[in-house]
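Reader: I want to learn how to read the contacts in a model like this. Can we take the features one by one?

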Amino acid sequence: MTELATISEAKKLHRQFYEDVMSMPGGEKIKICQQCGTCTGSCPTSYLMDWGPREIIAAFRAGMIDRVVKSNTIWLCTSCYSCTVRCPAGIKITDLMYELKRIAIKYDLAPKDGKSPAMTKYFVDSVHKHGRNHEVELMAKFMLTKDWGLPFKFAGTGLKLFTAGRLPLFAKNIKGKDELDKISAYLEAQEAKAQ
Amino acid sequence: MRYLYYPGCSSEATGKAYDISTRAMMDKLGVELVELDDWNCCGATSYFNVRELDSFAIAARNLAIAQKQGDEDLCVICNACYTTLAKTNRYMAESPEVHEAVNGALGAVGRAYDGTKAVRHVMDVLINDIGLEALGEKVTRRLTGLKVACYYGCQYSRPMGAFDDTEFPVTMDQFFQALGAETVDFAGKAKCCGGMMMLTKEEGALRLCHELLKGAQDGGADVIVCACPLCEMNLEGYQPRVNKTFGTSYDIPVMYLTQLAGLAFGASPKELALDKQVVPCDRVVAAIPA
C-alpha cells in the first residue's frame, strides 16, 4: 500500500475524486447528504467495516481522502444497492463505492494482500482474454495467489460441481474479443486527452 | 413470441442449469429464444471497479449487437447481467456525456448503439408479456402442496425497480402461486447473499447465507427458488460451509426459478438439468402430484 506522502497529494486525489463523482449522473447529490445514516443502517456488511458508508461520505466531504480509500469499507460493498434505493437524498452510494475502488486501484492505495482488488483484476483479465468471464480460471488464479486453503474447505462441493459439469476447464473465446481491448484503449486515450 | 436471449457467462459454468432450464421452459411455453450473436461478458459488478465508462461501453457492445440483430426485446436471466445491461441504458438516457462516450468507444470497433433496446428480466417477460392467467393455463403438473421460498436477491429489482418493488418484490411469489404452489413468508427474500464476497470475505457472506437459509427453513420451505447464478451457488454450494460454521444442519434444495416452473409446464427433470444441483432435488420432484 502506498503512503500518501504529502498533503498536496491527498488534496489532488480529493479533487480528482470530487470531479469524477460530479461527472457521474446524479453525482452532485453527495453535497446534500444530511448524515441520517440510512445507508449504514441498510448495509448488510456495515458491521464488518472500519467506517460505515455514512462516515465515508462525511470523511470524503471533510477532505480525509486517505482514510476513505484505505478503509476496508469500499471492499466490503457487495453491490446490493440497499443504501442507494433508500437514501432520502438520492445519492447513488453504490456507485460512489465503485468510484472509490477505482481511485484506490488507480493510485495503488488498495491493500496489497487484499482479496477483493485481486478478484477485480482477475475478473477483468479474464473478460479481456476470452470476451467472457471464465469462472474456473478466475477461481484457480484466485486460489493460487490469495487463498490456498479454498480447495480443501470446498473439496466436497467442488467435486460435486465438477462431476455435474459445472466447472468446465476450458474457456471458449468470443469472435470479437479484440473489440474489448479496443474499447478500453479508446476510453483510456480519451481520458488522457481530457486531463 | 420471440426474444433475443443473453445467457451470461455463468451459464457456461456453475450456472449451466439456469440456461438449460430456461430454454426448456420457454420451449414448453412456445416462446422462441434467439441467442445474442457473439455476446461478451456484461462486466457484472467487478468491472465497475475499473472504470465506469468502460463497464458501460462493454455492456453496450451487447446492446449494439442486439439492436442490429433484431427488433425483439433482450431477455436476460441473471440478476447481475440484467442490472448491468439495464443500468447502461438508464445512464445513457440520463447523461448525454455517457451516451456520447459509449458511442465513441463503440465507434472505435465499428459499432453504434442508440440506447433504446429494451432489456427484460426473464421474470418480467413471464409475468408481463405472457401473463399470470395464460401461464396458469399452460400448467400440466400443478405444484399443489409445495412450499416455495422465493429468493429474489439484490439486483432483481435494485436499483432500478423496473418491474417490481425494490424493498418487497412480489412477482416471483405471484408466479409460483399461479403454478399452484404455496409461497412462504420469507423476510430475507430481497436481502443480500454476499455475492462475490463469498470468496473475498467468507465469514461475512456465510453469515448472510445463514440468515437466508434460516428464514426459508423457519417458513417451512420445501425448496428455495433463485433468479441469479451467484445467489444459487452461495445458497446451495455453501450449505455445508454454513452448517460447519454455525453448527446448523441445513439441507434445503435450491433451484432456479426456471427449473421449478419447467416441471409445472411439463418438462422432465433431465430436460431441466436437475441432476446438476448439489443438494438433491428428487424429493421436490416427488412432492409434486403427478
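Reader: How many salt bridges does the rule find across the interface of chain B and chain A?

Author: First, a caution: this is a predicted model. Now the general idea. Side chains of opposite charge can pair when their charged atoms come close. Here the rule finds 9 salt bridges across the interface of chain B and chain A. Over all chains, the count comes to 30.

Reader: Which residues meet Arg166(A) in a salt bridge?

Author: Glu232(B) is one partner, with N to O at 2.9 Å. Glu236(B) also forms a salt bridge with Arg166(A), and there the closest N and O atoms are 3.4 Å apart. Glu236(B) sits in helix α11 of chain B and Arg166(A) in the loop between α11 (155-163) and α12 (177-194) of chain A, so this pair joins two chains.

Reader: What area is buried between chain B and chain A?

Author: The size of an interface is often given as the accessible area lost when the parts come together. For chain B and chain A that area is about 5,700 Å². Carbon and sulfur atoms give 61% of it. In residues, 66 of chain B are in contact with 60 of chain A.

Reader: How many residue pairs are in polar contact between chain B and chain A?

Author: The count is 24 residue pairs, with both residues at pLDDT 80 or more. Next, look at which elements supply the chain B side. Those giving two or more residues include α3 (52-69), α5 (96-107), α10 (202-218) and α11 (229-237) of chain B. α3(B) gives the most, with 6 residues. By class, the chain B side that touches chain A has 29 nonpolar, 17 polar and 20 charged residues.

Reader: Now inside one chain. Where do the domains of chain B lie?

Author: The assignment gives domain 1 at 2-121 and domain 2 at 130-287. Their centres, taken over C-alpha atoms, are separated by 24 Å. Across this boundary, 26 residues of domain 1 of chain B are in contact with 31 residues of domain 2 of chain B. The area buried between the two domains is about 2,400 Å², and carbon and sulfur atoms give 70% of that.

Reader: Which three residues supply 25% of the area that domain 1 of chain B buries against domain 2 of chain B?

Author: They are Tyr18(B), Leu29(B) and Asn79(B), and this share is more than any other three residues supply. Check the polar terms too. Between these domains there are 0 salt bridges. The count of residue pairs in polar contact is 4, both residues at pLDDT 80 or more.

Reader: Which elements give two or more residues to the side of domain 1 of chain B that touches domain 2 of chain B?

Author: They are α1 (16-28), α2 (44-48) and α4 (79-94) of chain B. α1(B) gives the most, with 9 residues. The residues of this side divide into 12 nonpolar, 10 polar and 4 charged.

Reader: And chain A? What distance separates the centres of its domain 1 and domain 2?

Author: Chain A is divided into domain 1 (7-106) and domain 2 (115-194). Their centres are separated by 27 Å, again over C-alpha atoms.

Methods: Residues numbered from 1 in each chain as written. Chains lettered and ligands numbered in written order. Heavy atoms only, no water. Domains from an automatic or database assignment. Contact = heavy atoms within 4.5 Å. Buried area = accessible area lost by both parts, 1.4 Å probe. Salt bridge = Lys/Arg side-chain N within 4 Å of Asp/Glu carboxyl O. Polar contact = N/O pair within 3.5 Å; in protein donor to acceptor, adjacent residues only side chain to side chain. Helix = DSSP H or I, 4+ residues; strand = E, 2+ residues; numbered from the N terminus. Nonpolar A, V, L, I, M, F, W, Y, C, P; charged D, E, K, R; others polar.
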